[in-house]
Amino acid sequence: MNECCEKYPEVKCGSDDARSLAMMQENYAAESSEMTAVCTYLFNHFVFEENCPSAADAFKKISITEMKHLELFGHAIVVLGGVPVFADRGRYWTGKNVCYAMTVREALRAAICAEEATIKRYAEQAERTCNSSVRALLERIICDEKEHIRIFEQLLSCC
């Protein structure tokens with residue numbers, strides 16, 4: 001589910017690779033990261049598949065887009081000279097990061113809050129980086145995250 005029509009830009013080495021690398025690692029595998037979004041949305045898909053198939057399907061499709069973001073950040077980490085381990089600043093990613101909401105409304109509200117926080121973080125990172133290709137990637141991914149909010153809000157209004 002690619003919500004935006006533009007292709008994802010390719011990350012290239014730049015002038016502030018250490019700072020950009022730290023940002024990409026955070027987005028890849030921190031407590032609130034693409035890895036967390038993928039796992040949370042897959043959990044939601046499995047839990048709500050029987051009682052709310054429309055929400056379950058949306059969570060599944062959006063998790064696939066989040067997997068694409070995870071792949072893009074992993075690739076960016078390598079290009080910027082890092083290794084894409086599932087850790088950020090020495091803390092390994094864990095399943096404790098997943099939001100295990102047990103009602104559809106709770107899961108949708110949590111997803112909207114997480115997407116809003118992600119957009120804020122990516123926008124701040126886009127402002128801070130001097131690497132134009134990293135900025136372009138973050139701005140492109142923000143487009144997807146805004147579409148995720150739109151979908152989640154639409155589902156929430158129907159529940």
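Author: Buried means under 20% relative accessible area, exposed over 50%, and partly exposed in between, with a 1.4 Å probe and protein chains only. At 18% relative accessibility, Phe43 therefore counts as buried. This is a predicted model, in which local features need pLDDT of at least 70, side-chain atom pairs count only at pLDDT 80 or more, and totals for chains, interfaces and linings use all residues. Residues are numbered from 1 along each chain as its sequence is written, and side-chain values use heavy atoms, with hydrogens and water left out.

Reader: How many aromatic pairs does the structure hold?

Author: Rings of Phe, Tyr and Trp (its six-membered ring) pair if their centres lie within 6.5 Å; planes under 30 degrees apart count as stacked, over 60 as edge-to-face and the rest as tilted. The structure holds seven such pairs. In one of them, Tyr28 and Phe86 have ring centres 4.9 Å apart and planes at 15 degrees, so the pair is stacked. Tyr28 is buried at 7% relative accessible area, whereas Phe86 is partly exposed at 35%.

Reader: Is the pair of Phe43 and Tyr100 stacked or edge-to-face?

Author: The ring centres of Phe43 and Tyr100 are 4.9 Å apart and the planes stand at 90 degrees, so the pair is edge-to-face. Tyr100 is partly exposed, with a relative accessible area of 45%.

Reader: Which residues form one aromatic cluster?

Author: Tyr41, Phe48, Phe59 and Phe152 form it.
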